[in-house]
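My entries follow in the order in which I looked things up.

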Amino acid sequence: LGFLFLSAGCAIGLGNVWRFPFITGKYGGAVFIAAYLFFLLAMGLPVLIMEFSVGRASRKNMGNALKMLEPAGSTWHFFGWFSLIGSYALMMFYIPVCGWMINYVWLSASGALSVPPDKIPEVFGGMLANPKIMIFWTVATSLSCFAICFIGLQKGVERVVKVMMMGLLVIMLGLAIKTLTLPGAEKGVAFYLVPDLQRASEAGFLALINDAMNQAFFTLSIGIGAMCIFGSYLDKTNTLTKESLIILGLDTFVAFVAGLIIFPACFAFDVSPNAGPGLIFITLPNIFNAMAGGRFWGTLFFIFLSAAALRS
């Protein structure tokens with residue numbers, strides 16, 4: 001269970017709850033979902049199994065695993081550097097954005113987001129324009145991750161991620177039930193899940209295929225050696241394909257439910273579901289402000305987002 005939650009926790013992040021719903025809406029709902037599921041099974045799953053295999057066979061991280069497993073005279077080990085470079089490059093944007101999420105938990109809980117709609121952009125813009133706030137939450141995010149990792153993999157990371165994963169699933173289901181019972185929510189569900197070939201055609205089928213492949217890799221956190229590390233702790237009694245399918249299922253479930261939270265809320269309050277930072281940090285706070293018990297549901301939503309980002 002610890003291995004599954006760790007691997008799924010690494011895979012489940014901002015790509016599931018921020019990116020997936022909006023590119024699904026952009027590319028015609030179920031049209032994109034069909035392409036995404038195809039690439040998830042045809043490309044994402046085999047690469048995930050292979051990364052676990054490399055980790056389990058070597059008991060090392062990607063940098064040292066390829067050096068140990070490569071045939072004599074081979075230069076495969078050079079590719080180990082890509083996992084390190086890729087991880088650092090990813091963290092350069094991921095850690096500050098995670099800091100935004102945690103800051104919004106505080107802003108929502110304290111009532112700082114309970115302002116007129118035209119003032120919400122000022123709150124978001126003010127956060128980005130304030131170096132002290134940006135640095136504080138970036139450092140706080142980094143230190144919290146260091147502290148958890150310092151305790152150890154099993155006592156620290158595994159224990160914390162287990163709690164976060166179970167809490168995440170409970171919060172997601174609560175938010176989904178809440179938004180699906182809003183008046184007009186069915187329009188959001190239709191926009192999200194009914195196939196719309198015209199919308200997909202307008203966005204471009206080649207772009208759809210490209211984004212579906214990108215999402216399949218990004219959502220599973222494959223290619224940077226993270227899954228190789230988790231695989232290095234796995235014993236020979238576990239079937240890698242079965243474990244990978246469970247992780248893939250958990251990851252897809254969270255992405256799917258995230259759309260059921262966001263789109264019904266947008267359509268219930270007649271708000272355009274635009275993509276990018278504006279939706280999460282400007283549009284959704286306005287929706288929560290218009291909702292009964294909005295501060296509670298808004299705080300819960302940003303706790304859920306922060307947990308997803310922190311786990312990765």
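**Entry 1: helices α5 and α6.** I looked up the crossing of α5 (residues 80-110) with α6 (residues 120-129), whose axes come within 12 Å and cross at roughly 130°. Helices here are DSSP runs of H or I with at least four residues, numbered from the N terminus, and axes are lines fitted to C-alpha atoms over the stretch in contact, with angles from 0 to 180 degrees between N-to-C directions. The two helices are therefore oblique to each other; oblique is what remains once angles under 35 degrees (roughly parallel), over 145 (roughly antiparallel) and 65 to 115 (roughly perpendicular) are set aside. I noted that W100, N103, Y104 and L107 of α5 meet V123, F124, M127 and L128 of α6, where contact means heavy atoms within 4.5 Å. By class, this contact has seven nonpolar, one polar and no charged residues.

**Entry 2: the source.** I noted that the model is predicted, that local features need pLDDT of at least 70 and side-chain atom pairs pLDDT 80 or more, and that totals for chains, interfaces and linings use all residues. Residues are numbered from 1 along each chain as its sequence is written, and side-chain values use heavy atoms, with hydrogens and water left out.

**Entry 3: helix α8.** I found that α8 (residues 153-180) has 28 residues and reaches 38 Å from its first C-alpha to its last, close to the 40 Å expected at 1.5 Å a residue. Its buried residues include V161, M165, L168, M172 and L175; buried means under 20% relative accessible area, exposed over 50%, and partly exposed in between, with a 1.4 Å probe and protein chains only. Among the helices that cover the buried residues of α8 are α1 (2-11), α7 (131-151) and α13 (240-268).

**Entry 4: Q215.** I located Q215 in helix α11 (residues 205-220). Is Q215 buried or exposed? It counts as buried, at 0% relative accessibility. Leaving aside neighbours within four places in sequence, Q215 is in contact with G15, R19, F20, I23 and Y36.

**Entry 5: L193.** I found L193 in helix α9, partly exposed with a relative accessible area of 26%. L193 touches A30, I33, F256 and L260, not counting residues up to four places away in sequence.

**Entry 6: helices α2 and α13.** I looked up α2 (residues 14-26) and α13, whose axes come within 8 Å and cross at roughly 70°. That makes α2 roughly perpendicular to α13.

Terms used:
Ala, Val, Leu, Ile, Met, Phe, Trp, Tyr, Cys and Pro count as nonpolar, Asp, Glu, Lys and Arg as charged, and the others, Gly among them, as polar. The expected span of a helix is 1.5 Å times one less than its number of residues.
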